[in-house]
Amino acid sequence: MFLHPYGIESNRYCTLCANCIKNCPHRSIRLNVQMPAEGVLTLENYTMSGSFLSLALMSVLLVENGSLLGRDSLAFALLAERVPIPYDMLYSIMFLLVVSFPFLGLWLYEFVITGFDRAKSAIRLNMLGFSFIPLGLAGHLAFFFEHFLHGIDQLVGMAGDFLGLDWQMNTVRAMGANNLREFQHWIVMAGAAGVVYVLRNFTTKHPDIFDRKKYVLWGYGTMLGVAVYLYWMVMGHTSRYF
């Protein structure tokens, strides 16, 4: 943001303002195709804040509305009955705990397997936290896919009302609950495959910080398995559009 188009060297700084198209005198703006996750794998500086946010992107789905621990979930309602604190404060505390747990859990694991070498554990966690971005993105895509289809149905209905036509669609119902869940599961598995791909590339390109590769992959693999299982539970919730 606030960078001149000629000063942008990475799409991470793009805000889709389209000023690059307006300012290029040679009309040479083009779309460059690159390997998946290339932007993550070629970062020059992996920060702890970036790693935390990458893992938070993955875990925050669990506390969104309609999810396992959302404000409208049965689990949260039961918790609110048993904990005598204000409703909003309880949700805020649970939100912070859920968002922070993956990072804190992996940081503690790294701290132990490196022999309490704080510097080395921080370097590796700062890097590998970014590998969970594909799963976080895929999980949100799968979770909101049903809402996206419902939005299309609403737009079709509004267009029909505007034109005086009886246009009514229920794409979600037509797709079927089982087919929708299966499609969502495939999206989640694609995100998990993306995590494995990025982890594999990290371990190949930086062998100097993966001296205990077996233990590292076991820990991050466990985190990946737990996340996929929870995502499948989220996608298994009863649809509100059937």
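M89 belongs to helix 5, which spans residues 87-113; helices (H or I, at least four residues) and strands (E, at least two) are DSSP runs, numbered from the N terminus. The model is predicted, so local features need pLDDT of at least 70 and side-chain atom pairs count only at pLDDT 80 or more, while totals for chains, interfaces and linings use all residues. Residues are numbered from 1 along each chain as its sequence is written, and side-chain values use heavy atoms, with hydrogens and water left out.

M89 counts as partly exposed because its relative accessibility is 46%; buried means under 20% relative accessible area, exposed over 50%, and partly exposed in between (1.4 Å probe, protein chains only). Together with I85, I93 and L97, M89 forms a nonpolar surface patch with about 360 Å² of accessible area. Such patches are made of residues with over 30% relative accessible area and no salt bridge, with nonpolar side chains (Val, Leu, Ile, Met, Phe, Trp, Tyr) joined within 5 Å and like charges within 9 Å. An α-helix has 3.6 residues a turn, so residues three or four places apart point the same way.

## Overall architecture

The protein chain contains 10 helices and 0 strands. Of its 242 residues, 38% count as buried. The chain exposes about 15200 Å², of which carbon and sulfur atoms supply 66%; accessible areas come from the Shrake-Rupley method with a 1.4 Å probe, and for residues only the protein chains shown count as cover.

Among contacts with a separation of 6 or more, 72% join residues 24 or more positions apart. Contact here means heavy atoms within 4.5 Å.

Helix 3 has 12 residues and reaches 17 Å from its first C-alpha to its last, close to the 16 Å expected at 1.5 Å a residue; the expected span is 1.5 Å times one less than the number of residues. Its buried residues are G50, S51, S54, L55, A56, M58 and S59. S51 is classed as buried because its relative accessible area is 0%. Not counting residues up to four places away in sequence, S51 touches F103, L125, N126, G129 and F130.

The largest nonpolar core has 49 residues, and M58, F132, L135, F202 and Y220 have the most contacts inside it. Helix 10 gives the most to this core, with 9 residues. A nonpolar core is a set of buried Ala, Val, Leu, Ile, Met, Phe, Trp, Tyr and Cys residues joined through side-chain atoms within 4.5 Å. Leaving aside neighbours within four places in sequence, F202 is in contact with V40, L41, Y46, M127, L128, S131 and F210.

## Salt bridges

The whole structure holds 3 salt bridges, each defined as a side-chain nitrogen of Lys or Arg within 4 Å of a carboxyl oxygen of Asp or Glu. In one, D88 pairs with R71, the closest N and O atoms being 2.9 Å apart. This pair links distant parts of the chain, with D88 in helix 5 and R71 in the loop between helix 3 and helix 4 (74-82), 17 residues apart. D88 is partly exposed at 48% relative accessibility, and R71 is partly exposed at 31%.

R124 forms a salt bridge with E110, with the closest N and O atoms 2.9 Å apart. R124 lies in helix 6 and E110 in helix 5, 14 residues apart. R124 is buried, with a relative accessible area of 0%, and E110 is buried, also at 0%. The side chains of E81 and R82 meet in a salt bridge at 4.0 Å, N to O; E81 counts as exposed at 64% relative accessibility, and R82 is exposed at 62%.
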